[in-house]
Amino acid sequence: HVFSLETGEFEEELAGIDNNITVLAVSPDGRRLAVATERNHAFLWAWRDEGSAPVHISQGVRPIGLAFSPDGRWLAVGADSRKEVQLFDVETKQARG
């Protein structure tokens, strides 16, 4: 569930994510949400855009960290099993490299 930091009241449910969230990051502008789940998947979601659904961006590795670049253009996904970081273009949802 998403709650307002200002009022503490419920705003909306994170529909489209069907298992437990283990890591979460919010973009600097607050428009995008990145989540990793216990089933080794990472999703990127323009959750403030009406009708938007989570986009699956990574699987097969256990994401242990998510971070947006200061300008919000890139998302870093830290993977435990490979001890690596994948970079994703937030607009295209494509991995860099």
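**Exercise 1.** In this predicted model, find which residue of β8 stands opposite Leu66.

Solution. Start with the pairing: β7 and strand β8 (residues 74-79) are joined in the antiparallel sense by five bridges. Across this pair, Leu66 faces Val77 in β8.

**Exercise 2.** Work out why strand β4 (residues 33-37) is described as largely enclosed.

Solution. Buried means under 20% relative accessible area. Five of the five residues of β4 are buried, so the strand is largely enclosed by the rest of the structure. Then sort the residues by face. In a regular strand, side chains alternate between the two faces of the sheet. Leu33, Val35 and Thr37 lie on one side of β4, Ala34 and Ala36 on the other, and all are buried.

**Exercise 3.** Identify the strands that pair with β4 and the positive phi angles in the two hairpins.

Solution. Take β3 (residues 21-26): five bridges join it to β4 in antiparallel fashion, and Val23 stands opposite Ala36. Six residues lie between these strands, and in this hairpin Gly30 has a positive phi near 80 degrees. Then take β5 (residues 41-45), which pairs antiparallel with β4 over four bridges; Ala34 stands opposite Leu44. Three residues separate β4 and β5 in their hairpin, where Asn40 has a positive phi near 65 degrees.

Notes
Residues numbered from 1 in each chain as written. Predicted model: local features only at pLDDT ≥ 70, side-chain atom pairs only at ≥ 80, totals over all residues. Heavy atoms only, no water. Pairing = 2+ DSSP bridges. Buried < 20%, exposed > 50% of the residue type's maximum accessible area, 1.4 Å probe, protein only.
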